[in-house]
Amino acid sequence: MRPPQDEVERRTAQRDAVARSKPAGPRVVQVLMAILLPFLLLIAAVRLVASPVFLWIEYYRPGFPGDGYGFTTDDRLTYGSYAVDYLANLSGPRYLGNLVFPSGDHLFTAGEVSHMADVKGVVFAAYAAGLVLLLFFVFAYFGLRKSKGAFVRGLFAGAFVTIGIIVALAVLAALGWQQFFTDFHRIFFANGTWTFRLEDTLIRLFPGQFWIDSALVIGVLVALVASLLVIFCWPTPRRRARRLAAGDDENAEESSAHAE
């Protein structure tokens, strides 16, 4: 027995509304993508900068300040490479603590070695977090495949959030670099563990200009990648039409399956 026409229309309208409604899961994943993408890009940029290649570029670029206590560029590259390598290997503090000058004096003081050990802990934690974030985005990609365009929209939103954060940080750094640099260190290190004398090796290898350049390169790299994501994920009319067509095809297949 066929139900009344108004009942048929009501049920059809409910079924269509359910088909058009989007589940909350993909939206939650997209929000997480928008929040976490800046951190993933930042960690990746830090990894690129914390390398012997960047060290070589810095030391040999025109205008980089020399060492007033006698290090040549070759000395800096040699000793600085030990510090950079230490941040990427699994060695303990002795890796730096046992280094000596030709005169027999220790290259780094006990305070410098202790600080580098602290830095290594922060760097390793950041790399581990970056790996977890990368896995999240891989799972997000496969989890959102059935929602056409959902993964791209998540990247698009995350790219805008990233650009906003980079602009805000750039403004803070431009308004007062020294305060910005100090506040950054206070977040990760205890007071008194990261300040050294001008004649200490760490300051001679990594003067203030080195950190300014590092921050600039990291900011530019992150902003560049975020800008490319905005360009390639921008919802142009053609892309929206393609996604809508794909969505209509999926709805048609689901309706056909229900009918069968």
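Helices (H or I, at least four residues) are DSSP runs, numbered from the N terminus. The model is predicted: local features need pLDDT of at least 70, side-chain atom pairs count only at pLDDT 80 or more, and totals for chains, interfaces and linings use all residues. Residues are numbered from 1 along each chain as its sequence is written, and side-chain values use heavy atoms, with hydrogens and water left out.

Buried means under 20% relative accessible area, exposed over 50%, and partly exposed in between (1.4 Å probe, protein chains only).

| Residue | Relative accessible area | Class |
|---|---|---|
| Thr201 | 4% | buried |
| Tyr141 | 42% | partly exposed |
| Tyr69 | 47% | partly exposed |

Thr201 belongs to helix H9 (residues 201-205). Contact means heavy atoms within 4.5 Å. With neighbours within four places in sequence set aside, Thr201 is in contact with Phe71, Phe101, Leu107, Phe108 and Glu112.

Tyr69 sits in the loop between helix H3 (52-60) and helix H4 (73-88). Leaving out neighbours within four places in sequence, Tyr69 is in contact with Leu198, Glu199 and Arg204. Tyr69 and Arg204 are 135 residues apart along the chain, and their C-alpha atoms are separated by 7.8 Å.

Tyr141 is part of helix H6 (residues 110-143). Together with Leu131, Leu134, Leu135, Val138, Phe139 and Phe142, Tyr141 makes a nonpolar surface patch of about 720 Å². Patches are made of residues with over 30% relative accessible area and no salt bridge, with nonpolar side chains (Val, Leu, Ile, Met, Phe, Trp, Tyr) joined within 5 Å and like charges within 9 Å. A salt bridge is a side-chain nitrogen of Lys or Arg within 4 Å of a carboxyl oxygen of Asp or Glu. Accessible areas come from the Shrake-Rupley method with a 1.4 Å probe.

Technical notes:
Helix = DSSP H or I, 4+ residues; strand = E, 2+ residues; numbered from the N terminus.
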